[in-house]
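Work through the exercises below with the sequence and the 3D view open. Try each task before reading its solution.

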Amino acid sequence: MNSIELCKLLKEVTHSIEVFSQDEHISSGSAVAIKPDGRLLTAAHVVVRLSNVLDDLYDPNMRIFARSPDQKYQQYKVGFAHLRLPQMSICVILLLSI
């Protein structure tokens, strides 16, 4: 695979993320599609505020939206979170489409 092919592949699997709790914009970042069914992998700090990790993870008002460059935003939910507190050194979150 040459560099042009690699760039095209990365563009296809990279998603933009926007996170809200009620009307408050919590964060934005990126995720990578790991399965064709829409599963995304992202870092915990993209989805939760480091000062409020557990509350954010279980916040019923949290709304996570993600899209690839060619798609509209879709809503997602946290499917799995691996957190190492308090350092949060290895922190990944699996997002599932709703």
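This is a predicted model: local features need pLDDT of at least 70, side-chain atom pairs count only at pLDDT 80 or more; totals for chains, interfaces and linings use all residues.

**Exercise 1.** Find which residues have the most contacts inside the largest nonpolar core, and which elements supply it.

Solution. Step 1: the largest nonpolar core holds 17 residues. Step 2: I17, V47, V48, I64 and L95 have the most contacts inside this core. Step 3: at least two core residues come from each of strand 1 (14-21), strand 2 (24-33), helix 2 (44-47), helix 3 (53-57), strand 4 (62-67) and strand 6 (92-97). Step 4: take L95 and list what it touches, leaving out residues up to four places away in sequence; among these contacts are I17, V47 and I64, and also Y76 and V78.

**Exercise 2.** Decide whether S68 is buried or exposed, and state where S68 lies.

Solution. Step 1: S68 is in the loop between strand 4 and strand 5 (74-82). Step 2: the relative accessible area of S68 is 8%. Step 3: buried means under 20%, so S68 counts as buried. Step 4: with residues up to four places away in sequence left out, S68 touches E12, T14 and H15.

**Exercise 3.** Find how many salt bridges the whole structure has, and describe the side chains that meet.

Solution. Step 1: a search of the whole structure gives 1 salt bridge. Step 2: the side chains of D37 and R39 meet in a salt bridge, at 2.9 Å from N to O. Step 3: side chains of opposite charge can pair when their charged atoms come close. Step 4: D37 has 45% relative accessibility and is therefore partly exposed. Step 5: R39 has a relative accessible area of 32%, so R39 is partly exposed.

Conventions: Residues are numbered from 1 along each chain as its sequence is written. Side-chain values use heavy atoms; hydrogens and water are left out. A nonpolar core is a set of buried Ala, Val, Leu, Ile, Met, Phe, Trp, Tyr and Cys residues joined through side-chain atoms within 4.5 Å. Buried means under 20% relative accessible area, exposed over 50%, partly exposed in between (1.4 Å probe, protein chains only). Helices (H or I, at least four residues) and strands (E, at least two) are DSSP runs, numbered from the N terminus. Contact means heavy atoms within 4.5 Å. A salt bridge is a side-chain nitrogen of Lys or Arg within 4 Å of a carboxyl oxygen of Asp or Glu.
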